[in-house]
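This report walks through one protein model, part by part. Please look over the sequence and the structure before reading on.

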Amino acid sequence: MTERFQALLDWLHRLPQLRESDFSMPEPASSDASFRRYFRIENRKLDSEPASYIIMDAPVAHEDCRPFIRISGQLEGMGLKVPRVLAQDLDQGFLLLSDLGNQTYLSVLQNRDESQADRLYRQALTSLVRMQTQGREMARDLPSYDQTLLVNEMNLFSDWLLDEHLCTSMNKLQRAAWKETQSVLMNSALQQPQTYVHRDYHSRNLMVSDGDQPGILDFQDAVHGALSYDAVSLLRDCYIAWPQEQVEEWQRAYFLELCQQGLASKEEWNAFRRAMDLMGIQRHLKASGIFARLFHRDGKNGYLDDIPQTVRYIVEVGRHYPELSELVRFLEERVLPHELLKQPANVA
């Protein structure tokens with residue numbers, strides 16, 4: 001038992017919420033791409049109501065719990081289903097949270113039940129529209145998804161996937177084209193309506209729950225940014241892919257909900273599709289770089305198999321936009337053929 005785990009146990013034993021119960025030893029509840037760890041504890045008393053909690057262990061040298069606490073309160077105030085913070089120790093980086101269960105969207109969607117998938121995606125999109133509508137003003141107090149952040153994220157692709165993971169560098173002409181591509185994607189994101197952005201709204205961070213909306217996790221990095229970011233994170237998920245016709249059906253349903261809420265107008269459909277496509281490419285450039293960084297810097301290899309699908313999204317969508325032709329050509333000639341990326345597609 002590590003010193004930190006013992007400190008966690010000591011903290012739990014002092015909590016009034018747990019004092020009258022007989023709870024199990026904390027067991028790992030989920031994996032995380034950050035330094036955070038999550039544990040679940042359950043009540044072992046047979047004569048008590050079933051109860052379980054989630055403990056977040058966020059070492060203060062690497063993580064700050066305060067954004068999680070603040071965003072949790074905001075989202076709950078919007079009527080969304082999120083973990084409630086029941087106890088906290090900011091000096092040690094411990095939080096006691098309500099438990100939203102252990103069924104992620106991804107675990108259910110992998111069954112490929114089309115009717116169930118349609119229900120879950122529509123619920124997630126409706127919850128997203130609620131967050132964007134009700135959170136539009138308070139989002140102004142969040143960090144801005146500005147030019148610097150957008151470009152720094154895209155640089156993760158060149159720095160970590162190309163240079164570090166594939167040992168593939170760009171020549172002078174390719175690097176000039178890369179800068180132009182970054183400018184196109186950045187400008188498109190900044191020109192969109194700016195609203196509340198979860199920033200990791202996808203199948204691993206959404207929980208299947210009772211009722212008509214998902215449980216929402218991993219929201220602490222929320223920003224004030226582009227309207228389409230979360231929707232494309234969900235519909236072109238790095239962890240599971242769907243036929244283009246199905247994605248377009250969900251995309252149109254989302255767009256119509258935005259129109260009903262006054263966040264878009266029907267004559268903007270073509271412009272909206274383009275903005276969402278370009279936003280997805282920006283995100284997938286970032287994600288592919290992060291997956292490589294998690295392996296090389298943090299020793300986490302569980303995301304490497306997600307890189308091929310993420311890069312394929314960029315190629316498939318980018319083919320429709322002449323201004324992205326150089327990026328698509330580079331990926332087709334220098335990245336996708338690479339031995340490290342020859343993985344099967346995860347498409348129904």
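In what sense do β1 and strand β2 pair, and over how many bridges? β1 and β2 (residues 37-42) are antiparallel partners, joined over three bridges. Two strands count as paired if DSSP finds at least two bridges between them. Helices (H or I, at least four residues) and strands (E, at least two) are DSSP runs, numbered from the N terminus.

## Basis of the model

The model is predicted: local features need pLDDT of at least 70, and side-chain atom pairs count only at pLDDT 80 or more, while totals for chains, interfaces and linings use all residues. Residues are numbered from 1 along each chain as its sequence is written, and side-chain values use heavy atoms, with hydrogens and water left out.

## The chain as a whole

The protein chain has 11 helices and nine strands. Its radius of gyration is 21 Å, close to the 20 Å that the globule rule gives for 348 residues, so the chain is as compact as a globular protein of that length. That radius is taken over C-alpha atoms, and the globule rule is 2.2 Å times the number of residues to the power 0.38. Along the principal axes, the C-alpha atoms fill a box of roughly 65 × 45 × 40 Å.

Of the 348 residues, 51% count as buried. Buried means under 20% relative accessible area, exposed means over 50%, and partly exposed lies in between (1.4 Å probe, protein chains only). Contact means heavy atoms within 4.5 Å. Among contacts between residues at least 6 apart in sequence, 70% join residues at least 24 apart.

## The five-stranded sheet

An open sheet is formed by five strands in the order β1-β2-β3-β5-β4, with antiparallel pairing. Its edge strands, each pairing on one side only, are β1 (27-30) and β4 (85-89). From one strand to the next, the twist averages 30°. Strands of a sheet pair through backbone hydrogen bonds, either parallel or antiparallel.

β4 and β5 pair in the antiparallel sense over four bridges, and Ala87 stands opposite Leu96 in β5. These two strands form a hairpin with four residues between them, and Gly93 in the turn has a positive phi of about 85°. Four of the five residues of β5 are buried, so β5 is largely enclosed by the rest of the structure.

## Helices across the sheet

Helix α1 (residues 3-14) lies across β2, β3 (52-57), β4 and β5 (94-98), at about 55° to β5. Helix α2 (residues 66-77) lies across β3, β4 and β5, and runs at about 160° to β4. Axes are lines fitted to C-alpha atoms, for helices over the stretch in contact, and angles run from 0 to 180 degrees between N-to-C directions.

Ser72 is in helix α2. With 2% relative accessibility, Ser72 counts as buried. Not counting residues up to four places away in sequence, Ser72 touches Val82, Pro83, Arg84, Val85 and Phe219.

The 21 residues of α4 should span 30 Å at 1.5 Å a residue, which agrees with the 30 Å between its end C-alpha atoms. The expected span is 1.5 Å times one less than the number of residues. Among the buried residues of α4 are Leu120, Tyr121, Leu125, Leu128 and Val129. The buried residues of this helix pack against α2, α3 (105-109), β6 (194-197), β7 (206-207), α7 and α8.

Leaving aside neighbours within four places in sequence, Tyr254 is in contact with Leu125, Leu128, Val129, Gln132, Leu227, Ala231 and Phe272. Just after α8, Gly262 takes a positive phi of about 80°.

## Two nonpolar cores

A nonpolar core is a set of buried Ala, Val, Leu, Ile, Met, Phe, Trp, Tyr and Cys residues joined through side-chain atoms within 4.5 Å. The largest has 93 residues, of which Leu75, Tyr121, Tyr196, Tyr254, Leu285 and Leu331 touch the most other members. Helix α9 (residues 269-296) gives the most to this core, with 11 residues. A second, separate core of 16 residues includes Leu8, Trp11, Ala87 and Leu96.
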